[in-house]
Each structure stands twice: as C-alpha cells, then as structure tokens.
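Visitor: Could you take me through one part of this model up close? I'd like to hear about the aromatic rings.

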Amino acid sequence: MTMDDFFLSDDDDYSYYENDDHDESMDVFQFQAFDGELLFPMANGPSSKVITKETLLSAQKEDLQRVMDLLSLKEHHARTLLIHYRWDVEKVMAVLVEDGKDKLCAGAGVPIIENDLPQISSTLMCNICFEDVAADEATVMDCGHCFCNNCWIEHFIVKINEGQSRHIKCMAHKCNTVCDDSKIRCLVGGRYPSLAEKFDRFLLESYIEDNRRVKWCPSVPHCGNAIRIEEDELCEVECACGVQFCFSCLSEAHSPCSCLMWELWSKKCQDESETVNWITIHTKPCPKCHKPVEKNGGCNLVYCVCGQTFCWLCGSATGKEHTWTTIANHSCGRYIEDNKKKTEVAKRSLERYIHYHSRYKAHADSFKLESKLEEAIQEKITKLEDRESTSKDFSWVMNGLYRLFRSRRILCCTYPFAYYMFGDEMFKGEMTEEQKELKKNLFEDQQQQFEATVEKLSSFLEENFDEYTEDEIMDLRMRIISLSVSIGTLCQNMYDCIENDLLGSLTQAVHRIAPYHSNGVEKASELPSCWDTDVWHAKRTWDISGTDVTAFPRVPEKRKPQIGNLHKSHPFLFVLHMNRLTEMMFIPVVPVIRCECFDLHKQVVPYGKAWAWQKAIVEEKRELIQRNEECPDTLIILQHSPVYTMGTGSSVEYLNFDLKDAPYDVYRTERGGEVTYHGPGQLVMYPIINLRNHKMDLHWYLSTLEEVVIRVLSKAFSIKASRAEGLTGVWVGDQKIAAMGIRVSQWITYHGLALNVCMDLAPFHQIIPCGIRDRRVGSIKGLLEECQTGIELSDSQLIDISQKSLVNEFSEVFQLNMEYKKPFPF
C-alpha cells in the first residue's frame, strides 16, 4: 500500500460494510493532505471542563438540578443523595430503575415522605440533655425528631471537626436521616461563623473529593483548578494552567505507557534501583561501619578502611587467620548460591536498563531544547513578513512544530513501555520467548521508523528558512507538511499495535492506555462561571398519560405517578420508558444542524425506488455544496418489501439459491460487503448527511450509528446490546440485531442501517448473512419473547416504539434539529 492509499479526495467514493478489510486505512480519515495544508479532523468540542473556584458552584448546581427535577426533591435532599452516590448521576438513575425511589432515597438517608412537623408547645424536654427548653430554642429535622439547639450545635461541631460534614445524621437512636444542611448552617453559623464556613467548604468540595469524574489539577504550586471529564476516566487532559496530566493516576501525560508502567519507571529513575542492585552484587557491607566494600584481590579476607576485617564469602567479622577453606572460628566452605551467575544477571539487567533509560533521557532532553524553538521560529516568521514575502500564511510551520512536540513526548514514553513490555518484571509467563522476540521486533521496527521521521522533522524545523528564497520556502513547506502527516500515521499505527497486538493479547493482566489523539492532549474548556437556566432546559415533563405508546397503562391526568410503585407493578414497562426520565434531565441546547426527516416507517417501499431516491438526494446535495448553499442533512426511515441486496464485491458463494431462481428480487448495490435481506418488520434508516458538518471519519460515523442502535435497545426495551470485535453492526450475544452498510461520496453518506424489529427471519436461511457463518440473526421481538416478561406488544406497537426511539436517539447523538417533511409519494 502506498502513501496515496491513505487519503480520500473530494471526488472519491468509499464503501463500507460488514467484513471489509479496513485496518490498513485507519488513518484515512484522521489526516488529509489538501493543497499542501495539514487538516485535522473536525472536533465535537472538548469533553473535559476546567472547574475554577468561581465555577465550582455552577458545576455542582448542574447535577443538583438534574436530580431535583428527576425525583422532585428539595436541594438539600438532592445533595445528600448525590454525596451518597459520589455525585454519579448515572448511578442514581441505575439504582432508581433497579430498586425504585423508596430504596434509592432510604439508602442515602433521604426521607421519602416528609413528616408533618410535630406541634411544639411553649416548652419541651430535650431527650438528649433532658433539659426543659423553650419552643424557639429547639429544632425539628425532616425525620420529625426534635432536640434543643444546644445539643444540635454540639453534635454538629463534633461531626464537622471530625470531617463528617457531608453526612451528618440525626441524633435519634437508629435514625439514618441526614440532617438538612441549611439548618446546620443556621445553627452553627449563629454561634461559630468560621465553623459554618468550614462546613460550607466541605460540602462544596465534596463535588471534587467524592466525584470519580472530577479531580484536582496536580500542578505545583497548585493552580486551584479541578478538571471534570464526561467520558472515559482513562484519558489525558490539559488544565487551563497548561499542565498536561493523566486523569487516571494524576501523573504527567505518559501514554503509551500504562499507569502502572509509568509508576514503576518513575520510581526506578528516581531511586536508581538498578545501580543500587549492581552495587549490592559487587560489594559487601562492612560489619562494623556498614560501608560498601569492593574486593580488589584474590584473598577472601577483606580489610575495610575502618580497620575491620571480615570474610568475603559470608560477610562475617573475623580475625587474621585465613586459609583457602576456613577462617578461624567459622566455616565458609559451602556455597548456597552461584554468585557468578547472580553477578552476570545483575550486569545484564543494568545494561538493559541503561539502554532504555539513555534513549528515554535523550528524547526528554530533546523535548526541553525543542520547546525553545517556538520563539526562534516566531522571529524567523517576523523577518519573512518584514521582507514582504509572497507567502503570507506560515501556519504550516507552527503546525509542524506542535506535531513535533506531541510526537517527541510520545516517542520518549515508548522506551519505558518497551522496557516493561518485553522484560520479565511485569509480564513473565504471558508470552513464550519466540512470541516475545517476534512482537519485540514488530514494535521496534515501528518505533525506529517513527523515531527517524521525528528526527527528520526536527532538523527541517531548525533550518534558517528566513534566509531562503520563495521556491526554497515552498519546498520546505511541502516537506514539513508531508512529514507531519507521515508522523501522524506512524503514531496511530504504533498505538494500534500496542493496544491490539501487545496489551490486547495479555491474559493474566489488564493494562489500558490513554487513546491516541491526533491533535494531542485535549485542552479542557472553561466551565461557564454563572449557572443560567436559559442555557439548560428540560426537554419534556414527566407525563406518562401523554405517551403515545398504547402498551403503557393509562394514568389519570391529575395523578402524578409514584416512581417506586410504578417500578414494582410494571418493572419491564418502567425500564421501557426510562427514556422519559432521561429526557427530563437538563441538557445543553447544542443542535444547530438541520435534518429533513422523511418518516415512512409504516409503509413498505420497494427497494429500487428507495435506492433511486437516495441517489437523487445525494446528487442534489452535491450541487448545493458546489454552489456554497446550505446543505441540510436528510433522514429516511421505512420498511422494504422482501429483497436481497449485495455489495459491489459480494460473492455468490454466500447465496443458497441460484440467481436465476431467486425467491425474491436481488439487487447488487454500490455499497461494500456481502449479501443481506430486507423485509417487512425491519426498520431501515438511510441517513444522507454531509460529514463535513460532523466529522470526516468513517470509523467514527459507523461507530456512532452503532451507538444509536445500542441506545435504542437499552432505553426502549431494556436490551443490553454491544459491538463485536472485528465486525460491524449491533449484537446481543451471538445474534445480530442490526446490520450496517454505507456508501460515502464526496463525504456525503447514503445507505445506512437495518434494525430487525419483528420480521420473519426465515429468508435469512437462504443466504449466509453478511458472509458470517458462525453467528445468528435475531430480532427485538424474538429477544423479548426469550425474556418472558409477560408483556405482550403487537408488531405495530414494536415498530412504533422502535421508530420513535431511533429518530430521537439519532437526532441526539448526531446533534441534529429534526424537521419532518411530507413523505415521498410511493
């Protein structure tokens, strides 16, 4: 494969389907060379946020408001609930679905039904101090227990000073209710204002201390910021102060090393344990002064500088008498271990450590020196601008420099990775010597090629291009851009090798690394400093009676459903409609791309007509793009009459019938992949979207389509689906529920996905679906029947539920604003 095979031009088409061999072109969509410029993939915005002292309250209120609206709770109850579940809103929802509202709140010490406050007479006796106090000197908590203010204050002081501010429970015996923080603040603040401030600080900082998705920036001196991530905890982020670190272990960014590898390497470099090991083997401590002594003669009677004599064989102090076999008063004639072999092992271990450490240190030093290049390059650019060079854009130089910074750091960390990956310290027994040698050679070949390209880019960037002619500058520009693209490709390939061939093959240990990002460590964006309710809004209110799913039990309009009771009486349907709960949660208003939706899900459309319709829409979008006019996305959702479709390279060996005597029509389309079947009861979704408005990456697009179906199955039917390694589509066990097959022309997609809802699966027996022989095809209806929920939904209800959920999830995942259009007249 040549370098040209890694790029798509605007005139290229690309087909993608089930078993297409696409590993080689992983970087096709991550980097593009167009007109000599380096283009990076379109980002969806940073997934991490910087939380400062000013925005900490706003961040906390976001989660509080979501839970308050979801469960109709007061703020202090929502805070108690979130502190108990470590500020994990997803965990709160999971417990809500599984156990119901009653158990959810009871486990956190939140009263489910607020007790009516007892009528307090003019005086009452406190059951703690047994003193009679006036009614205005006593306080009642949400649980109904009432004690005098002095006892409450003393109780709160003790708990705050013990660091238990987050969960101060009622003083009553066996009462687990957490006290109202506003009452704690009022009582303590009236007498000890500084302690009340301490209490408030503890509550506020619990959002960081107890939250697994929020951590303090490890900068020294501390910048005062925290970072909140939205996705995988195993990632590398950059704080607003400029510090880049691993979110998992809070060390400096160290991928492709795992956190454990980096911890061991840092310790080894810090205490020089290998040198200490060598000294231990080659010297013996004096039994008197304990200084290390090296033997420089043949006699085993050794003299220390302190005057002490001792036996080299056993290390014990002795007198002057010595022979070849004995020393006075003790015997050293028997060897327990082969010291020579031990010395050779120590030497080899030290040499191996020095080999990897010297290269690690060399690249670390290069990184420090190259960081000074930015100022020098800016001066050279200024000189070129002063001489009125015809080249006005010098972004290619800075892009190349930043690529060098990122690549040098990664290259530096590959040496500690190799030290542990191919040594015996961590993965002994994981690979045979032959396997280890083979994988080591594979890795080192990629590392060497990556290293050579990085060094070449470094040398080009150090050239005095401010003294070059215009032609020489253009030549340097092309070389730097070409090298930048090549480095990105090599780096991605090396990460793939590490994740799949090396770490992915381990059986006795699990090591994960932060994923590779072309643009380097993600810089966290600033969280808004004020909490604006206009920016955050609830999509829908909780109103089950308004649902259009007829299978759901009817509820009177004035009666608000109790979540706990609903969960107990209709457990399956409660999960079935959890999407109502998620839709109530506060989400940012981000959809800006229009999508025209043609909903024909109740119609059975001939395949040929739908296919021609797709191609007409694609051609129309091409013309709009050429005229620089608005090009909205399009979504078609329908069912097909029975038909078999094949890709451009499909083989007839996967057909169990003769094409001349086919049971249904057979179409050979322009998509990739093998044969599949479409028919009534299967929802087919054709997204015709311009990837320039999203992300020009087909792997991302396919993965996102799969995510849409996985969410539909989970939220609408409580079916846990997943992806299958090496295969596209959505799977439940060994059953394929949804198939994917796309075509991309000038970054406009068509064809799409097919979700098996309630279709007849018998026609699949006439083919080898998607060319996969050892797996089955399944449907939503079949899976629900296997679960034996006792709830019967008609085929039309299943289709309606699936269609509505598909459209909702598609618009949310792709951030689209859906506009329903009049269906095409079939």
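Are Trp 262 and Tyr 360 buried or exposed?

Guide: Both of them, Trp 262 and Tyr 360, are buried. Keep in mind that this is a predicted model, with a mean pLDDT of 78 for the protein chain and 79% of the residues at 70 or above. Over residues 530-591, though, the pLDDT is below 50, and that stretch has 106 contacts in the model beyond near neighbours in sequence.

Trp 262 belongs to helix 7 (residues 259-271) and Tyr 360 to helix 9 (residues 339-370), so the pair links distant parts of the chain, 98 residues apart. These two also sit in a cluster joined by ring pairs, along with Trp 265, Tyr 353, Tyr 356, Tyr 419 and Tyr 420.

Because Tyr 701 is in helix 18 (residues 698-717) and Phe 814 is in the loop between helix 20 (795-813) and strand 34 (816-820), the pair ties together parts 113 residues apart in sequence. Tyr 701 and Phe 814 are both buried.

Rings meet charges here too: the charged end of Lys 615 sits over the ring of Trp 611, 4.2 Å from its centre, while Arg 775 lies over the face of Trp 731, 4.8 Å from the ring centre.

Notes:
Residues are numbered from 1 along each chain as its sequence is written. This is a predicted model: local features need pLDDT of at least 70, side-chain atom pairs count only at pLDDT 80 or more; totals for chains, interfaces and linings use all residues. Side-chain values use heavy atoms; hydrogens and water are left out. pLDDT is the predictor's confidence in each residue, from 0 to 100. Contact means heavy atoms within 4.5 Å. Helices (H or I, at least four residues) and strands (E, at least two) are DSSP runs, numbered from the N terminus. Buried means under 20% relative accessible area, exposed over 50%, partly exposed in between (1.4 Å probe, protein chains only). Rings of Phe, Tyr and Trp (its six-membered ring) pair if their centres lie within 6.5 Å; planes under 30 degrees apart count as stacked, over 60 as edge-to-face and the rest as tilted. A charge sits over a ring if NZ of Lys or CZ of Arg is within 6 Å of the ring centre and within 35 degrees of the ring normal.
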